[in-house]
Amino acid sequence: MHADCIFCKIIAGTIPCDQVYSDELVIVFKDIQPRSPVHLLVVPREHIISLSELEPRHDALMAHIMRLLPTLAKQQGLEDGFRTVINTGPAGGQVVFHLHVHLMGGNIRGI
Ligand code: AMP
Ligand code: ZN
């Protein structure tokens, strides 16, 4: 728990969110500023700053997230596919420095 991290506050329950899934490793909630009809954020409960800070001990967590994504997409009705995005670092467009995967769908065009 990092006191100045908005996603840690959401995980701790001190800031509300529109939660769609939760387990012992992650919490999933709707992006507050959706860029597509479905726009979820998959957030590990552990405060990991970004992909750049991942360590071998996170391997099971990351595999869990990867395998969860298609399940969540299906639950959201994204039968034909979905987009996942991980922004890393300021130059990568990361704004919230607590690792998260964007799960988007509904109106995806070619990149
Ligand atoms: P990134 O640029 O990958 O760091 O994306 C951060 C995302 O977090 C953005 O899409 C924001 O809209 C989203 N976001 C920021 N604050 C909140 C919040 N309180 N609840 C839900 N989503 C948020
Ligand atoms: Zn955090």
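Start by selecting the zinc ion (ligand 2): its protein donors (N, O and S atoms within 2.8 Å of the metal, or 3.2 Å for Na, K and Ca) are C5 (SG), C8 (SG), H47 (ND1) and H98 (ND1), lying 2.0 to 2.3 Å from it. What you have open is a predicted model, where local features need pLDDT of at least 70 and side-chain atom pairs count only at pLDDT 80 or more. Residues are numbered from 1 along each chain, and hydrogens and water are left out of side-chain values.

Now look at the angles between the four donor atoms: they are 104 to 116°, which makes the arrangement tetrahedral (four donors with all angles between 85 and 135 degrees). Along the chain, these donors follow the spacing C-x2-C-x38-H-x50-H. Select C8 in helix 1 (residues 6-12) and H47 in the loop between strand 3 (38-44) and helix 2 (59-75), a pair 39 residues apart; helices (H or I, at least four residues) and strands (E, at least two) are DSSP runs, numbered from the N terminus. Both C8 and H47 are buried (under 20% relative accessible area; exposed is over 50%, partly exposed in between, with a 1.4 Å probe and protein chains only).

Next stop: salt bridges. Each is a side-chain nitrogen of Lys or Arg within 4 Å of a carboxyl oxygen of Asp or Glu. Pick R35 and D31, whose closest N and O atoms are 3.6 Å apart. R35 is exposed at 52%, whereas D31 is buried at 11%.

Finish at E46 and R57, where the closest N and O atoms of the salt bridge are 2.8 Å apart. E46 is partly exposed at 31%, and R57 is exposed at 57%.

Key: Chains are lettered from A and ligands numbered from 1 in the order in which they are written. Four donors count as tetrahedral if all angles lie between 85 and 135 degrees; four count as square planar and six as octahedral if opposite donors are over 155 degrees apart and all others between 65 and 115; anything else is irregular.
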